[in-house]
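Hello,

Here is the structure we talked about. Please look it over, then read my notes below.

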Amino acid sequence: VAAMPLHRDREKKESTAEEMEAEEHEQEASSSEEEDSDTSSEDCERRRMECLDEMCNLEKQFTDLKDQLYRERLSQVNSKLAEVEAGRAAEYLEPLAVLKQYLFNQTWSVTVWL
């Protein structure tokens, strides 16, 4: 009967030692997970900042190209307007000639019937 309490005490000590080892292992794992989590968070934040920088660069390039396209198109419109005002725009000369002929015909018809 006396051996049993010693055996139980030994089992208690062994289970307590096992529990302590398990807790230490969990703390180490938790610490490792926190370090991984910190590293992961740092990597995510670094990647986020890289993506934001890249997005800013793309937005600037887009704005620059949009402005360049606007200036080029405005130049084309102004050039075409100058051609029209000077009477040199080929795509308008033929319709203008047809319109002038129509005006002449209408004017002549009116004068003949008066």
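**What I found**

The protein chain has an accessible surface of about 10,800 Å², and 57% of that belongs to carbon and sulfur atoms. Accessible areas come from the Shrake-Rupley method with a 1.4 Å probe, and for residues only the protein chains shown count as cover.

This is a predicted model: local features need pLDDT of at least 70, side-chain atom pairs count only at pLDDT 80 or more, and totals for chains, interfaces and linings use all residues. Residues are numbered from 1 along each chain as its sequence is written, and side-chain values use heavy atoms, with hydrogens and water left out.

**Fold and burial**

The chain has 2 helices and 0 strands. Both terms refer to DSSP runs, numbered from the N terminus (helices: H or I, at least four residues; strands: E, at least two). Of the 114 residues, 1% are buried. Buried means under 20% relative accessible area, exposed over 50%, partly exposed in between (1.4 Å probe, protein chains only).

**Salt bridges**

There are 6 salt bridges in the structure. Each is a side-chain nitrogen of Lys or Arg within 4 Å of a carboxyl oxygen of Asp or Glu.

Start with Lys-80. Its side chain meets that of Glu-83 at 3.2 Å, N to O. Lys-80 is partly exposed at 29%, as is Glu-91 at 42%.

Arg-48 pairs with Glu-45, with the closest N and O atoms 3.4 Å apart. Both lie in helix α1, 3 residues apart. A network of salt bridges links Arg-46, Arg-47 and Glu-50.

**Surface patches**

Patches are made of residues with over 30% relative accessible area and no salt bridge; like charges are joined within 9 Å, nonpolar side chains (Val, Leu, Ile, Met, Phe, Trp, Tyr) within 5 Å.

Leu-93, Leu-96, Leu-99 and Tyr-102 form a nonpolar one, with about 400 Å² of accessible area together. Tyr-102 is in helix α2 (residues 90-113) and is exposed at 51%.

Glu-18, Glu-19, Glu-21, Glu-23 and Glu-24 gather in a patch of negative charge. Lys and Arg count as positive, Asp and Glu as negative; His and the chain ends are not counted. A charge is placed at NZ of Lys, CZ of Arg, CG of Asp or CD of Glu. Glu-18 belongs to helix α1 (residues 3-86) and is exposed at 54%.

Best wishes
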